[in-house]
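Me: I've got a structure open and I'd like to learn how to read it. Can you walk me through a few features?

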Amino acid sequence: MVEKTSDTATKKELSSHLKEIDEAEKRIKALDKIIQSLYEGKVEEKISEERYLKLSELYENEQKELTDIITRQ
């Protein structure tokens, strides 16, 4: 009985990790599109250099954190 409970817990844990990885990968792809749009906005002078630098740093840091989540799993 203990072994069966342990297997169930392990399967739930694995499922949770896989879901976290899947969500991180989806967010990374979304961030790639956001960063591309942000860059295009800078090139077209729709946003200031200062705003571009702040936002790109924010998004790139988020991407790095998500990548770390994926690689540690």
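Reply: Start with exposure: a residue is buried under 20% relative accessible area, exposed over 50%, and partly exposed in between. Keep in mind that this is a predicted model. Take D22: its relative accessibility is 35%, so D22 counts as partly exposed.

Me: Okay, and which residue forms a salt bridge with D22?

Reply: The general idea is that side chains of opposite charge can pair when their charged atoms come close. Here the partner of D22 is K26, with the closest N and O atoms 3.3 Å apart. Both sit in helix α1, four residues apart, or about one turn of the helix. K26 has 54% relative accessibility, so K26 is exposed.

Me: How many salt bridges does the structure hold?

Reply: Six. One of them joins R27 and E62, whose closest N and O atoms are 2.8 Å apart. That pair links distant parts of the chain, since R27 is in helix α1 and E62 is in helix α2, 35 residues apart.

Me: Now the inside. Which residues make up the largest nonpolar core?

Reply: There are nine: A24, I28, L31, I35, L38, Y52, Y59, L66 and I69. Helices α1 and α2 each give two or more residues to this core, and α1 gives the most, with five.

Me: What about Q63: buried or exposed?

Reply: Buried, because its relative accessibility is 14%. Q63 is found in helix α2, and its contacts beyond four places in sequence are I28, L31, D32 and I35.

How values were computed. Residues are numbered from 1 along each chain as its sequence is written. This is a predicted model: local features need pLDDT of at least 70, side-chain atom pairs count only at pLDDT 80 or more; totals for chains, interfaces and linings use all residues. Side-chain values use heavy atoms; hydrogens and water are left out. Buried means under 20% relative accessible area, exposed over 50%, partly exposed in between (1.4 Å probe, protein chains only). Contact means heavy atoms within 4.5 Å. A nonpolar core is a set of buried Ala, Val, Leu, Ile, Met, Phe, Trp, Tyr and Cys residues joined through side-chain atoms within 4.5 Å. A salt bridge is a side-chain nitrogen of Lys or Arg within 4 Å of a carboxyl oxygen of Asp or Glu.
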